[in-house]
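Visitor: Hi! I'm new to this one. Could you walk me through it?
Guide: Happy to, let's look together.

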Amino acid sequence: MIFDEIIHSIAEGESEETLELTKQALAQGYSANSILEKGLITGINIVAEKYRHEKVNVPEVLMATHSMHAGISVIEPILTAPTKKGLGKIVVGTVAGDLHDIGLGIVKAMAMSAGASVIDLGVNVSPKKFARAVRKEKPDILMISALLTTTMSVMKDVIRELEAQGLRNDVKIFVGGAPITDAFAKEIGADYTFEDAFQLRDFLKENLSKLLGSKR
Ligand code: B12
């Protein structure tokens, strides 16, 4: 089964193979969404679990991340197919001090698959840089990720910076990452949080067009 092969290639960190297998899966008629969910995300989640249980080390995780991104690069144009474009603009990034970007990559793919155009600020993004991007790009939604309990408070700094610059009400703010709870999101004044990218995708499919243009 091609999904098993994709999963295996990610676990081995063979990015060229992941790239080729993703192309093959598309050629075999599998949808970009099913390849993302059953192949790429399943593969990276397995590696993340192994890392958590100290069965693999940092270099293996980084190679697996590279493989996942290689696969995503193949399906990215389909996830943002022209027929779906125009459903808003979303800026995504991981907060300052935090280098975790696997979840962010998946969140980005889900936002694209919902039809939005996405600007990715990457990792280690300071509150001022987030604010600069909101001012310049005028996105409908800002999605902020944090994976460390020591960096989650930076999300609050981002919101305070947007408030200080008078930009807060121009954008909906979604926060997420393993340590983020509903209570925390509420406390810092974010608009939404979702436990994983699939819940996010379902929400966006249902609500993205309604959110566009509806200021806070
Ligand atoms: C992979 C990983 C790494 C990789 C990251 C590679 C990369 N390019 O991202 C490497 C090896 C580099 C790494 C480094 C570190 N890590 Co690390 N890492 C992990 C691990 C095992 C998996 C994270 C992951 O990618 N999961 C898979 C993805 C798909 O899931 P996810 O990130 O949670 O994202 C999903 C949701 O959270 C959500 N989501 C994420 N963002 C957003 C945003 C929005 C808006 C929404 C709606 C949803 C959403 O949707 C995503 C998809 O479903 C976690 C353990 C864990 N279980 O989380 C530890 C973990 C996060 N790391 C941890 C630590 C401590 C570190 C280090 C400090 C280790 C060290 N001593 O050096 C460094 C920190 C480096 C830094 N400054 O950031 C701790 C954090 C503990 C804490 N309480 O803060 C964890 C929890 C491990 C542990 N149990 O100790 N790590």
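Guide: We can start with the overall layout and then move to the ligand and a helix.

Visitor: Okay, what kind of model is this?
Guide: This is a predicted model.

Visitor: How many helices and strands are in the chain?
Guide: The chain holds 9 helices and 5 strands. Read along the sequence, their pattern is α-α-α-α-β-α-β-α-β-α-β-α-β-α.

Visitor: And what does the chain span along its principal axes?
Guide: The C-alpha trace spans about 50 × 40 × 25 Å. For 216 residues, a compact globule would have a radius of gyration near 17 Å, and the chain agrees, with 17 Å. Of those 216 residues, 41% count as buried.

Visitor: Which domains is the chain divided into?
Guide: There is domain 1 (2-79) and domain 2 (85-211). Their C-alpha centres lie 24 Å apart.

Visitor: How many residues are in contact between the two domains?
Guide: On the domain 1 side 11 residues take part, in contact with 6 residues of domain 2. The elements giving two or more residues to that side of domain 1 are α3 and α4. Of these, α4 gives the most, with 6 residues. By class, that side of domain 1 has 7 nonpolar, 3 polar and 1 charged residues.

Visitor: Switching topic: where does the ligand lie relative to the domains?
Guide: The ligand lies between domain 1 and domain 2, because both give residues to the shell around it.

Visitor: Which residues are closest to the ligand?
Guide: I102, G103, S145, G176 and D196 are the closest of the 36 residues that surround the ligand. Several elements give two or more residues to this shell, including α3 (32-52), α4 (58-79), α5 (102-113) and β3 (141-145).

Visitor: What's the shell made of, by class?
Guide: It has 21 nonpolar, 11 polar and 4 charged residues.

Visitor: Now helix α1. Which of its residues are buried?
Guide: In α1 (residues 2-11), the buried residues are I6, I7, S9 and I10. Seen down the axis of α1, they fall within an arc of 160 degrees, so they line one face of the helix.

Visitor: What do those buried residues pack against?
Guide: The buried residues of α1 pack against α2 (15-27), α3 and α4.

Visitor: And what comes just after α1?
Guide: Just after α1 you'll find G13, which takes a positive phi of about 70 degrees.

How values were computed. Residues are numbered from 1 along each chain as its sequence is written. This is a predicted model: local features need pLDDT of at least 70, side-chain atom pairs count only at pLDDT 80 or more; totals for chains, interfaces and linings use all residues. A residue is near a molecule or strand if its C-beta atom, placed from the backbone, lies within 6 Å of it. Helices (H or I, at least four residues) and strands (E, at least two) are DSSP runs, numbered from the N terminus. Ala, Val, Leu, Ile, Met, Phe, Trp, Tyr, Cys and Pro count as nonpolar, Asp, Glu, Lys and Arg as charged, and the others, Gly among them, as polar. Domain bounds come from an automatic or database domain assignment. Two residues are in contact if their C-beta atoms, placed from the backbone, lie within 7 Å. A residue is buried if 20 or more other C-beta atoms lie within 10 Å of its own, exposed if 12 or fewer, and partly exposed in between; C-beta atoms are placed from the backbone. The arc is that of the directions from the helix axis to the C-beta atoms. The radius of gyration is taken over C-alpha atoms; the globule rule is 2.2 Å times the number of residues to the power 0.38.
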